[in-house]
Amino acid sequence: MMIEDDPLIRNELDTLLQSNGYETAAPEDFDNVIDQIKAEQPHLILLDIKLPGTSGFSLCTQIRTFSQVPIIFVTSCNTDMDELNSIMLGGDAFITKPYHTAILLAKIASLLKRAYPVQQSEQMTCGGAVLRLESSSLDYDGQSVELTKNELKILYYLFKNAGKICARGDLVEFLWDNQLYVDDNALSVNINRIREKLAGIGLTDFIKTKHRQGYMI
């Protein structure tokens, strides 16, 4: 969840996070943010300090009365006292604007891995779809489809690289270790089977083909 009052920054963060496989929520009404947090139950919060009618410090204090959700302060307030207050009030990280996107993404991934070690290793999400590694299945919109071993590996690789083009050769090598001994058509067959299964639960055009390059989600 992004608690940020600047719509340009909010949209920028939303695009960045979704393109890296995260689902996002961003309150625009700051009068009942705490109720929205309780309703959404986010796995991590990006929190600005200067907000309409309240402050990030006040919200952090309130959040810590009922949740230990990881909180990253992302703010233009860049004094040592601001950073100290964020730590003292229960924040997990402090990043100043303008932020470096790679550092922000690395910090998010690190905090999520530390806070949810089991969940992070067993499921991945992208565009509303949830890939469940432990049960070799994919959930979408209340429906589920079972996957073969190769189908699971393909989707795992695509989810891990969400927003990026995955070259066919890299996928083949990941699947079968040595692409020299595998018919390239085998990958196409597996991709088509996955698409048919996903279409069966209403998830169409999820895996996109990039001509002469590969696939991406």
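Student: Why is methionine 88 called exposed?

Tutor: In this predicted model, methionine 88 has a relative accessible area of 65%, and a residue counts as exposed when that value is over 50%, so methionine 88 falls in the exposed class.

Student: What makes Met81, Leu84, Met88 and Leu89 a nonpolar patch?

Tutor: Membership asks for over 30% relative accessible area and no salt bridge, with nonpolar side chains joined within 5 Å. Met88, at 65%, is over that cut-off because 30% is the value required, and together with Met81, Leu84 and Leu89 this residue forms a surface patch with about 400 Å² of accessible area.

Student: Why is proline 52 called partly exposed?

Tutor: The relative accessible area of proline 52 is 39%, while buried means under 20% and exposed means over 50%, so proline 52 lies in between and is described as partly exposed.

Student: Where is proline 52 found, and which residues is it in contact with, leaving aside its neighbours within four places in sequence?

Tutor: Proline 52 sits in the loop between β3 (50-51) and β4 (54-55), and, with neighbours within four places in sequence left aside, its contacts are Asp5 and Phe30. Aspartate 5 is 47 residues away along the chain, yet its C-alpha atom and that of proline 52 are separated by 7.3 Å.

Student: How do you know that α8 is roughly perpendicular to α9?

Tutor: The axes of helix α8 (residues 168-176) and helix α9 (residues 185-199) come within 10 Å and cross at roughly 90°. Angles of 65 to 115 degrees count as roughly perpendicular, and that is why α8 is described in this way relative to α9.

Student: Which residues of α8 and α9 meet?

Tutor: On the α8 side they are Arg168, Leu171, Val172, Leu175 and Trp176, and on the α9 side they are Ala186, Leu187, Ser188 and Asn190.

Student: How many helices and strands does the protein chain have, and what does its C-alpha trace span?

Tutor: There are 9 helices and 13 strands in the protein chain, and its C-alpha trace spans about 60 × 35 × 30 Å along the principal axes. Of its 217 residues, 41% count as buried, and the accessible surface of the chain comes to about 11900 Å², with 48% of that belonging to carbon and sulfur atoms.

How values were computed. Residues numbered from 1 in each chain as written. Predicted model: local features only at pLDDT ≥ 70, side-chain atom pairs only at ≥ 80, totals over all residues. Heavy atoms only, no water. Patch = residues over 30% accessible without salt bridge, like charges linked within 9 Å, V, L, I, M, F, W, Y side chains within 5 Å. Areas by Shrake-Rupley, 256 points an atom, 1.4 Å probe, with all protein chains shown as cover. Salt bridge = Lys/Arg side-chain N within 4 Å of Asp/Glu carboxyl O. Buried < 20%, exposed > 50% of the residue type's maximum accessible area, 1.4 Å probe, protein only. Axes fitted to C-alpha atoms, helices over the stretch in contact; angles between N-to-C directions. Helix = DSSP H or I, 4+ residues; strand = E, 2+ residues; numbered from the N terminus. Parallel < 35°, antiparallel > 145°, perpendicular 65-115°, else oblique. Contact = heavy atoms within 4.5 Å.
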